[in-house]
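Dear colleague,

I am handing over the structure we spoke about, and below it you will find my notes on what was found. Please read them with the model open beside you.

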Amino acid sequence: MNIKYNYNKKIETLFADQIFITGFTRSGTSIISFLIGSLDKVHLSFEPMMINLLLNSNDFKNKVFLKAIYKSYFFEDFYISYKNGRNFNFNINDESNIKKYKDIKFIRENLSKSKRRFEIIDNLNKSEKIAIKCANIFFKQKLLDEYSIKNLIIMIRKPDDILKSVVQKGWVNKNYSSKGFTKSFKKVNHKEVPFHLDKKEISIWNSMNNSEKFCWEIKKFNESVLKLNNSNLTIIDYNDFCNNPEYYLNFLKSKHNLQSTKITNKIIKTIKPLKKKYFNYQKFKNNLNSKLYLDTLKSYEEVFKKRLT
């Protein structure tokens with residue numbers, strides 16, 4: 001299937017400069033995406049489900065076609081709609097409510113008039129950035145290269161802290177999905193399994209209980225990070241970030257040539273060091289294979305060495 005996917009230089013630059021934020025569940029991807037999304041001239045796409053599917057669709061052969069869809073979504077659908085305020089979320093109970101990271105003045109300016117496509121392109125500022133927050137993407141270097149993702153931010157967190165958090169929320173129980181936390185899945189022998197599983201891993205996945213599946217996904221996520229090239233990769237530990245958010249904000253602003261807004265300063269003030277939650281999750285740990293648990297801790301320790309300090 002032939003499809004034209006090359007845009008003019010302005011749009012290609014916008015696409016090439018995208019900032020992609022990912023990390024495993026409960027690792028701080030939301031708060032750092034709001035912080036980045038609050039910066040001047042940054043447009044945040046929060047958990048776009050179609051992108052999760054595209055980036056996990058490694059079985060598809062036509063990569064040119066998939067990349068064309070990826071580009072088309074972010075410019076034709078997200079960016080143009082964003083500049084006209086069409087995709088602003090005002091649901092006060094939803095995590096992606098735009099008022100969490102943009103002020104009223106910005107919102108009103110984008111809702112004040114409808115801009116045509118050619119007007120948006122003519123006025124496209126080279127300092128504008130699209131930021132995409134999409135958790136639980138198991139990136140491979142080839143995938144980053146194929147989609148021209150050159151600015152990747154990965155949030156990491158101690159496995160015990162992730163496990164405690166999800167146990168408290170009741171996310172790992174009898175209703176835990178066999179698809180895992182990746183949201184994108186494939187069917188193998190009539191069973192739904194995460195997209196990122198290799199053929200040899202499917203039997204292992206099916207043999208594990210729900211607690212082990214969750215722990216195993218943390219391990220696999222960390223291992224996938226370790227295989228990525230260091231170039232343009234920023235790894236941030238959630239605990240480090242909460243202890244000194246201004247340091248990481250200033251680093252990201254300098255790296256991407258961005259400026260704070262009043263909302264940025266408000267968000268920074270809400271970020272506090274993580275409080276230790278003392279509760280007994282030994283029952284959960286008893287359901288884990290001891291080797292799997294130790295391997296998961298080790299995978300985090302290895303990624304931790306590569307973090308931004």
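The second largest pocket is lined by 24 residues, and those nearest its centre are His43, Lys83, Phe106, Glu109 and Asn110. A pocket here is found on a 1 Å grid over the protein atoms alone, as an open set of points with protein on both sides within 12 Å along at least five of seven lines, while a cavity is a set of points where a 1.4 Å probe fits but cannot get out; lining residues have an atom within 4 Å of a point. The space in this second largest pocket is about 580 Å³, where grid points are joined across faces, edges and corners and a volume is the space filled by probe spheres set on the points. Three elements, β2, α5 (104-111) and α6 (117-122), each supply at least two residues of its lining, and α5 gives the most, with 4 residues. Helices (H or I, at least four residues) and strands (E, at least two) are DSSP runs numbered from the N terminus. By class, the lining of this pocket holds 6 nonpolar, 7 polar and 11 charged residues; Ala, Val, Leu, Ile, Met, Phe, Trp, Tyr, Cys and Pro count as nonpolar, Asp, Glu, Lys and Arg as charged, and the others, Gly among them, as polar.

Before going further, please keep in mind that this is a predicted model, in which local features need pLDDT of at least 70 and side-chain atom pairs count only at pLDDT 80 or more, whereas totals for chains, interfaces and linings use all residues. Residues are numbered from 1 along each chain as its sequence is written, and side-chain values use heavy atoms, with hydrogens and water left out.

As for the chain as a whole, its secondary structure comes to 15 helices and 7 strands. Its radius of gyration is 20 Å, close to the 19 Å that the globule rule gives for 309 residues, so the chain is as compact as a globular protein of that length; the radius is taken over C-alpha atoms, and the rule is 2.2 Å times the number of residues to the power 0.38. Of the 309 residues, 50% count as buried, where buried means under 20% relative accessible area, exposed over 50% and partly exposed in between (1.4 Å probe, protein chains only). Among contacts (heavy atoms within 4.5 Å) between residues at least 6 apart in sequence, 78% join residues at least 24 apart.

The largest cavity holds about 90 Å³ of space, and α1 (9-16), α4 (63-83) and β3 each supply at least two residues of its lining, with the largest share, 4 residues, coming from α1. The lining of the largest cavity divides into 8 nonpolar, 1 polar and 2 charged residues. The second largest cavity has about 30 Å³ of space, and among the residues that line it are Phe24, Met155, Ile218 and Phe221. Its largest lining share, 3 residues, comes from α10.

Finally, the count of salt bridges (a side-chain nitrogen of Lys or Arg within 4 Å of a carboxyl oxygen of Asp or Glu) comes to 12. In one of them, Lys133 pairs with Glu47, the closest N and O atoms being 2.5 Å apart. Lys133 lies in strand β3 (residues 129-133) and Glu47 in the loop between β2 (42-46) and α3 (49-55), so this pair ties together parts that are 86 residues apart in sequence. Lys133 is buried, at 4% relative accessible area.

Glu201, Lys219, Lys220 and Glu223 are linked in a network of salt bridges. Glu223 meets Lys220 at 3.7 Å, and both lie in helix α10, 3 residues apart, about one turn of the helix. Lys220 is buried, with a relative accessible area of 17%, whereas Glu223 counts as partly exposed at 25%.

With best wishes
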